[in-house]
Amino acid sequence: MTGGGVGASDELTVCEAEREPDPSDSLRTFGAVVQALRENAGLSRAEFAELVRFSKHTVESVELGRRMPDESFVERAEEVLGNTGALRRSARFLTRGEAGLAAWFRQWARLEKVAVSLASYECRLVPGILQSEGYARAVFDNGIPLLSDDQLEAQVAARLERQRVLYERTHVPFSFIVEEHVFRRRLGGSEVLRGVLDHVLKLGTLRNVTLQTMPMDTEFHGCLDGPVWLLETPKRQRFAYSEGQQNGRLISDVKEVSLLYQRYDTLHSQALNPKDSRGLLERLRGEL
């Protein structure tokens, strides 16, 4: 967001566009830290705003957790407030309060939008980014406790919104490995299964999407510990994400991420190749 040649007026527009409809706890906490450091430095909001070259309104919005701070805001605030490193470090854990996304997933969703590569292994459900609308509804309709109609619509809308990256970021390679039994489970009924198989087969034709299935009769499996997502950022940083019952974990430890990449690479060699995987899905579709 802070590429070369961006002037102060442009930065004001960028940061003010990051309006948060539903502030997250991390944004509120970050804002409180900024305010505390500013007050400790004896600066008013107006004085601080002038030093970081953002509007007073933007400073107030960040401090109250209403806006995601721009990267240049964080850097300039650090310089003005003593270069303690507290703001840089805490900014890495900021998440938006996006409707329809679980709090523990929001930071990963942000990384997805800028990733230069993304890979996923799934053994429970069709990956969210590949789900048809009918399948997504079936998934959320099976949740306990039951969602209200408004909550259900928000969840489905958020899930379908994520799929835009497949079409909008055609230069980014997306790799998916999914267990065969996932495509055999008739979640939501046969019609829903037909719909998601058609949808996945369609997405599989995109040149930036590689889909492999892990056959049920395999004797070897490199990733028995559960589903995992992997991505690389434009700065060549690698992250992983794992999810379980009512929680998710963003993994940044270099050794742990490297291990998960090794497991994924092993699984990649064990799964059916893309052509055979497509043939399997077409056969399953024909059986319905």
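**Helices, cysteines and a loop glycine**

Reader: Which residues of helix H5 are buried?

Author: In this predicted model, H5 covers residues 71-80, and its buried residues are Ser72, Phe73, Val74, Arg76, Ala77 and Glu78.

Reader: What follows H5, and what is its phi?

Author: Gly82 comes after H5, with a positive phi near 105°.

Reader: Cysteines next. How many disulfides does the structure hold?

Author: Zero disulfides. Cys123 is in none, and the nearest cysteine sulfur to it, that of Cys223, is 7.8 Å away.

Reader: Is Cys223 buried or exposed? And what about Cys123?

Author: Cys223 counts as buried because its relative accessibility is 5%. Cys123 has a relative accessible area of 22%, so it is partly exposed; the cut-off for buried is under 20%.

Reader: Switching to helix packing. At what angle do H8 and H9 pack?

Author: About 135°, with the axes 10 Å apart. H8 is residues 133-141 and H9 is residues 149-162.

Reader: Which residues make the contact?

Author: From H8, Glu133, Ala136, Arg137, Val139, Phe140 and Asp141; from H9, Leu152, Glu153, Gln155, Val156, Arg159 and Leu160. Sorted by class, the contact has six nonpolar, five charged and one polar.

Reader: Where is Gly189?

Author: Gly189 sits in the loop between helix H11 (180-184) and helix H12 (190-203). Its relative accessibility is 25%, so Gly189 counts as partly exposed.

Reader: How far is Gly189 from Ala138?

Author: In space, 8.9 Å from C-alpha to C-alpha; in sequence, 51 residues.

Reader: Last one, Ser277. Which helix is it in, and is it buried or exposed?

Author: Ser277 belongs to helix H14, residues 274-287. It counts as buried because its relative accessibility is 0%.

Reader: What is Ser277 in contact with, leaving aside neighbours within four places in sequence?

Author: Leu211, Gln212, Thr213 and Leu272 are the contacts of Ser277 once those neighbours are set aside.

Key
Residues numbered from 1 in each chain as written. Predicted model: local features only at pLDDT ≥ 70, side-chain atom pairs only at ≥ 80, totals over all residues. Heavy atoms only, no water. Buried < 20%, exposed > 50% of the residue type's maximum accessible area, 1.4 Å probe, protein only. Helix = DSSP H or I, 4+ residues; strand = E, 2+ residues; numbered from the N terminus. Disulfide = S-S within 2.5 Å. Contact = heavy atoms within 4.5 Å. Axes fitted to C-alpha atoms, helices over the stretch in contact; angles between N-to-C directions. Nonpolar A, V, L, I, M, F, W, Y, C, P; charged D, E, K, R; others polar.
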